Amino acid sequence: KFIEAEAYFAEAVFRDPRFFEGWYRLGQVHYLMGEHGSSLRELDLALSLEPRHYGALSVRGLNLLQLGCYSEAAEGFREAQEVLPRVSARFLDGDIAWAEALQ
């Protein structure tokens with residue numbers, strides 16, 4: 001199913017390169033496929049169009065954790081917390097603590 005999702009979102013951003021949610025979803029699919037470099041590029045494109053996209057910031061942090069960029073990951077999770085502080089505290093506090101412990 002990842003290949004189908006990848007094709008779907010790639011077509012969406014091909015048709016409308018300013019579709020930030022398409023870039024986010026493509027980045028999310030590539031994260032799940034373990035393609036962290038592609039995912040980070042796509043998430044950065046989504047964030048260039050919508051800098052306060054909670055999902056893109058969060059998945060960016062997860063990619064950075066997988067790549068061993070722990071301080072950058074923690075910073076990314078903090079940025080996501082700033083967007084939705086009440087919601088994200090439940091989800092991101094552990095990720096931040098983990099990334100900081102790995103530094």
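In this predicted model, the axes of helix H3 (residues 36-49) and helix H4 come within 10 Å and cross at roughly 155°, which makes H3 roughly antiparallel to H4. Axes here are lines fitted to C-alpha atoms, for helices over the stretch in contact, with angles running from 0 to 180 degrees between N-to-C directions; angles under 35 degrees count as roughly parallel, over 145 as roughly antiparallel, 65 to 115 as roughly perpendicular and the rest as oblique. The model is predicted, so that local features need pLDDT of at least 70 and side-chain atom pairs count only at pLDDT 80 or more, while totals for chains, interfaces and linings use all residues. Residues are numbered from 1 along each chain as its sequence is written, and side-chain values use heavy atoms, with hydrogens and water left out.

**H3 with H4**
- The crossing of H3 and H4 is left-handed, a term used if the near helix is turned anticlockwise from the far one by less than a right angle, and right-handed if clockwise.
- Contact (heavy atoms within 4.5 Å) is made on the H3 side by His 36, Ser 39, Leu 40, Leu 43, Asp 44, Ala 46 and Leu 47, and on the H4 side by Ala 56, Leu 57, Val 59, Arg 60, Asn 63, Leu 64 and Gln 66.
- By class, this contact has 8 nonpolar, 4 polar and 2 charged residues, where Ala, Val, Leu, Ile, Met, Phe, Trp, Tyr, Cys and Pro count as nonpolar, Asp, Glu, Lys and Arg as charged, and the others, Gly among them, as polar.

**H4 with H5**
- H4 and helix H5 (residues 70-83) pack at an angle of about 165° with their axes 8 Å apart, and H4 is therefore roughly antiparallel to H5.
- The crossing of H4 and H5 is likewise left-handed, and its contact residues include Leu 57, Ser 58 and Gly 61 of H4 together with Ala 73, Phe 77 and Ala 80 of H5.
- The residues of this contact divide into 10 nonpolar, 3 polar and 2 charged.
- Ser 58, placed in helix H4, is buried with a relative accessible area of 9%, buried being under 20% relative accessible area, exposed over 50% and partly exposed in between (1.4 Å probe, protein chains only).
- Leaving aside neighbours within four places in sequence, Ser 58 is in contact with Phe 77, Ala 80 and Leu 92.

**H2 with H4**
- Helix H2 (residues 20-32) and helix H4 (residues 54-66) pack at about 25° with their axes 10 Å apart, and are therefore roughly parallel to each other.
- Tyr 24, Gln 28 and Tyr 31 of H2 meet Gly 55, Ala 56, Val 59, Leu 62, Asn 63 and Gln 66 of H4, a set that divides into 5 nonpolar, 4 polar and no charged residues.
- Gly 22 is found in helix H2 and is buried, with a relative accessible area of 0%; not counting residues up to four places away in sequence, Gly 22 touches Phe 9 and Val 13.

**Whole chain**
- The secondary structure comes to 6 helices and 0 strands, helices (H or I, at least four residues) and strands (E, at least two) being DSSP runs numbered from the N terminus.
- Buried residues make up 40% of the 103 residues in the chain.
- Among contacts between residues at least 6 apart in sequence, 45% join residues at least 24 apart.
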